[in-house]
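Here is my note on the model, point by point. Keep the sequence and the 3D view open as you read.

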Amino acid sequence: MPQRFLRPGLRNSERWNSVSRTAQVLYIGLLTLVDDFGQYDARPAVILGECFSIWNDKHPDECVNLAAIRSNLQQLAATGLIEVHKVANNNKEYLQVVQWQERIREGCKRKWSITEEVAASCSKLQQTAASCC
C-alpha cells in the first residue's frame with residue numbers, strides 16, 4: 001500500500017470546509033484506502049468496517065453506523081469531493097476521489113470496471129490537476 005500525503009490546500013478548501021466534521025474524518029479515512037487511481041468500494045458496510053473498525057470499540061457512546069456513513073458519503077459527493085459510480089457488469093458502487101493527484105505505481109491496474117465516459121472524466125480531472133500544480 002502506498003503512502004498518502006495530505007496536501008496543505010485541503011485546510012482552506014471551500015468544499016472541505018462545507019462538510020461536517022464527521023464527513024471530513026471519513027474523507028481522510030478514504031484517502032488512506034483508495035487505490036492508485038483514487039477509487040474504492042462505495043458500499044457503506046465495507047467503508048464502516050475499514051475506516052471505523054476500532055472506533056466503535058473505543059467509543060461506544062459515539063458509535064458510527066451505516067446511516068452515518070451513507071449521510072457522510074452523500075455530503076462528500078454533494079460538495080464534489082468524491083463521485084459515486086456503478087460498476088457496469090455487477091451493479092456495485094465504487095467511489096472516485098475527485099482531483100486525485102497520486103502517481104500510479106508501475107504495473108498497477110484498475111480494479112473497478114468503469115465506463116469509458118467515467119474514465120475520460122477521471123483522465124481529464126487528473127490532467128487539469130497536474131497542470132494546476
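**Notes on the predicted model**

1. Of the 133 residues in the protein chain, 35% are buried. Buried means under 20% relative accessible area, exposed means over 50%, and partly exposed lies in between, with a 1.4 Å probe and protein chains only. This is a predicted model: local features need pLDDT of at least 70, side-chain atom pairs count only at pLDDT 80 or more, and totals for chains, interfaces and linings use all residues. Residues are numbered from 1 along each chain as its sequence is written, and side-chain values use heavy atoms, with hydrogens and water left out.

2. Start with the elements. The protein chain has six helices and three strands. Read from the N terminus, their order is α-α-β-α-α-α-β-β-α. Helices (H or I, at least four residues) and strands (E, at least two) are DSSP runs, numbered from the N terminus.

3. Next, the contacts (heavy atoms within 4.5 Å). Take those in the protein chain between residues at least 6 apart in sequence: 63% join residues at least 24 apart.

4. Look at Leu-26 in helix 2. Leu-26 is buried, at 0% relative accessibility. Which residues does Leu-26 contact, leaving aside neighbours within four places in sequence? They are Ile-47, Cys-51, Phe-52, Ile-69, Asn-72, Leu-73 and Leu-76. Leu-73 is 47 residues from Leu-26 in sequence, with 8.1 Å from C-alpha to C-alpha.

5. Leu-30 is also placed in helix 2. Its relative accessibility is 0%, so Leu-30 counts as buried. Not counting residues up to four places away in sequence, Leu-30 touches Ile-47, Cys-51, Leu-73, Leu-76 and Leu-95. The C-alpha atoms of Leu-30 and Gln-96 are 9.9 Å apart, although 66 residues separate the two along the chain.

6. Move on to helix 3, residues 44-51. Pro-44, Ile-47 and Leu-48 are buried there. They lie on the same side of helix 3, because they cover an arc of only 100° around the axis. The arc is that of the directions from the helix axis to the C-beta atoms. An α-helix has 3.6 residues a turn, so residues three or four places apart point the same way. What covers the buried residues of helix 3? The cover includes helix 2, strand 1 (39-41), helix 4 (55-58), helix 5 and strand 3 (93-97).

7. Now the second largest pocket. Its volume is about 150 Å³. A pocket is an open set of points on a 1 Å grid over the protein atoms alone, where a 1.4 Å probe fits, with protein on both sides within 12 Å along at least five of seven lines; lining residues have an atom within 4 Å of a point. The lining of the second largest pocket consists of Arg-21, Thr-22, Val-25, Phe-52, Trp-55, Val-64, Ala-68 and Asn-72. Helix 2 (21-33) and helix 5 (66-78) each give at least two of its residues. Helix 2 has the largest share, three residues.

8. Ser-13 sits in the segment before helix 1 (14-17). Ser-13 has a relative accessible area of 17%, so it is buried. Its side chain reaches the backbone nitrogen of Trp-16 at 3.1 Å. His-85 lies in strand 2, residues 82-86. His-85 counts as buried, at 17% relative accessibility.

Methods:
Points joined across faces, edges and corners; volume = space filled by probe spheres on them. Polar contact = N/O pair within 3.5 Å; in protein donor to acceptor, adjacent residues only side chain to side chain.
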